[in-house]
Amino acid sequence: MGFYFNRKDTREVVSRNFNSIRELFGLSSQGLAELMKPLAQIPYQKVRRLAAGERDITAEELNVLYELLAVPPATFTFPWSLQDKKSSKISILLHEMHLSSNPIFDHLGTPLYPYEISGKENWLPAQLVGEALTNSSCLFELDKKRRIGKPEHMRGVLAEKLQTRIQEYTESIFPTEQYEKAFKTLYSHYQADTDGSLTINNVSQFLECLSHALIEYMRKEATLSFYSQLEKNTQDSLFFHCYYDQSFSRAYSHWTHDDSGTLFQLVNYVGHSNLDITMRVDASISMVDSIPSQITLIARERNADHIIGSVTTPFNYEKWFICTKPTEIKMSGIIGKNAPLDTNIITVWEGDLWKELYGEKSGYGERLSLRRFPYLYPTFIE
């Protein structure tokens, strides 16, 4: 028999891991049995015996726990730490054992949460929980807390790991450096005169700079909408209540601290340019074609029809959400619209740019909304 592949040792490992995972989610054996009921007929007595190490875990139970808690079977069946062979031969206190992380988790790799079975609404927190609880260093750290008699500290360790991962995920889907660069370029090339007006010698170059800043701002707005939908979808989930009460908002708070200032600057640039600028947003309605979307800015002399400059700038909407899985994303502005058969391109929005940026005036006592470009918000396609 192997070191932990005989019946006695395997039961001990499974029971210890099972109870640790209950601790991580703040669940009693009775509470977990209740949560498992809609997925399988596993009575409380069986759950209690499993927690006590009186019986083996079944394949059905492993699958149910994976679907319910996003914890893969390997996390239940393999020890989270390995004992040094020398210390295993002598009598030694549990917390003094020489332990190391279990390398088997490094070889198993990152699991994919079973979205199609479990539903897509919890896919991000579930995926990150599954990643953390198959990471050898994370499991080793959790096991250390458990072995020194501080299981209540395990939740803090996992919460910290998940906070780090959601931050990394956030940074991966929104390139902050690119956003800041676009606005720095606009600010450095076009500085307001003492009277607040702008001196624009080349209208097309100004429109080019402005279009890149607008696209980055649009991307931020669309990404914030994406995140707000994630929060809304996960609010009733076990993952959210245990670990995600503030994680999403903390992760993207640095995007929103400059909202009013950035939007105010865009309004000023358009308003003080002495130009009437219209914007058109075009997009492909085909989910197959890789035709990029684009914005077109057209500048006219103030209160005149004469066009003095225009620019068209492409952007790849699909790549804004390339890190999302398994949810398919579609631009809300194209939902329910038809395009000419020869182009598959539709105009999502067209109008006065200053009015679009300035937005509606709020009534007395109402808070001015800073959100813009709702036609670019993502829609989750089931």
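**Group meeting: a walk through a predicted model**

Hi everyone. In this protein chain, the confidence is highest in helix H3 (residues 44-51), with a mean of 96, and lowest in helix H14 (residues 247-256), with a mean of 62. That confidence is pLDDT, the predictor's own score for each residue, running from 0 to 100. When I say helix or strand, I mean DSSP runs numbered from the N terminus: H or I of at least four residues for helices, E of at least two for strands.

Some housekeeping. This is a predicted model, and local features need a pLDDT of at least 70, side-chain atom pairs count only at 80 or more, and totals for chains, interfaces and linings use all residues. Residues are numbered from 1 along each chain as its sequence is written, and side-chain values use heavy atoms, with hydrogens and water left out.

How confident is the prediction for the chain on average? The mean pLDDT is 83, and 80% of the residues score at least 70. Over residues 87-96 the score is below 50, and beyond near neighbours in sequence that stretch has seven contacts in the model. A contact here means heavy atoms within 4.5 Å. Residues 362-368 also stay under 50, with three contacts beyond four places in sequence. Where pLDDT is low, the predicted coordinates should not be read in detail.

Now to the sheet. Four strands form an open sheet in the order E5-E4-E3-E7, with antiparallel pairing. Its edge strands are E5 (307-315) and E7 (345-352), each of which pairs on one side only. From one strand to the next, the twist averages 15°. For the angle, axes are lines fitted to C-alpha atoms, for helices over the stretch in contact, and angles run from 0 to 180 degrees between N-to-C directions. Two strands count as paired if DSSP finds at least two bridges between them.

Let's zoom in on one pair. Strand E3 (residues 275-284) and strand E4 (residues 293-301) run antiparallel and are joined by eight bridges. Asp276 stands opposite Arg300 in E4.

Two asparagines deserve a look here. Asn274 sits in the loop between helix H15 (259-271) and E3, and its phi is near 60°, a positive value in a residue other than glycine. Asn303 is in the loop between E4 and E5, and its phi is also near 60°. Buried or exposed? Asn303 is exposed, with a relative accessible area of 72%, while Asn274 is partly exposed at 48%. The cut-offs are under 20% relative accessible area for buried, over 50% for exposed and partly exposed in between, using a 1.4 Å probe and protein chains only.

There is another antiparallel pair: strand E6 (residues 328-331) is joined to E8 by four bridges. Met331 has Pro378 as its bridge partner in E8. In a regular strand the side chains alternate between the two faces of the sheet. In strand E8 (residues 378-381), Pro378 and Phe380 make up the covered face, and Thr379 and Ile381 the uncovered one.

On to the core. Which residues have the most contacts inside the largest nonpolar core? They are Leu142, Phe206, Leu210, Leu214, Ile277 and Met279, in a core of 99 residues. H12 gives the largest share of this core, 14 residues. A nonpolar core is a set of buried Ala, Val, Leu, Ile, Met, Phe, Trp, Tyr and Cys residues joined through side-chain atoms within 4.5 Å. Not counting residues up to four places away in sequence, Ile277 touches a list of partners including Phe206, Leu210, Val270, Leu297 and Trp354.

Helix H12 (residues 203-234) also holds Glu216. Glu216 counts as buried because its relative accessible area is 8%. Leaving aside neighbours within four places in sequence, Glu216 contacts Phe174, Gln178, Tyr179 and Ala182. From C-alpha to C-alpha, Glu216 and Lys181 are 9.6 Å apart, and they are 35 residues apart in sequence.

Next, Ser101, which is in strand E2 (residues 99-101). Ser101 is partly exposed, at 28% relative accessibility, and beyond four places in sequence it contacts Trp80, Ser136 and Phe140.

Thanks, everyone.
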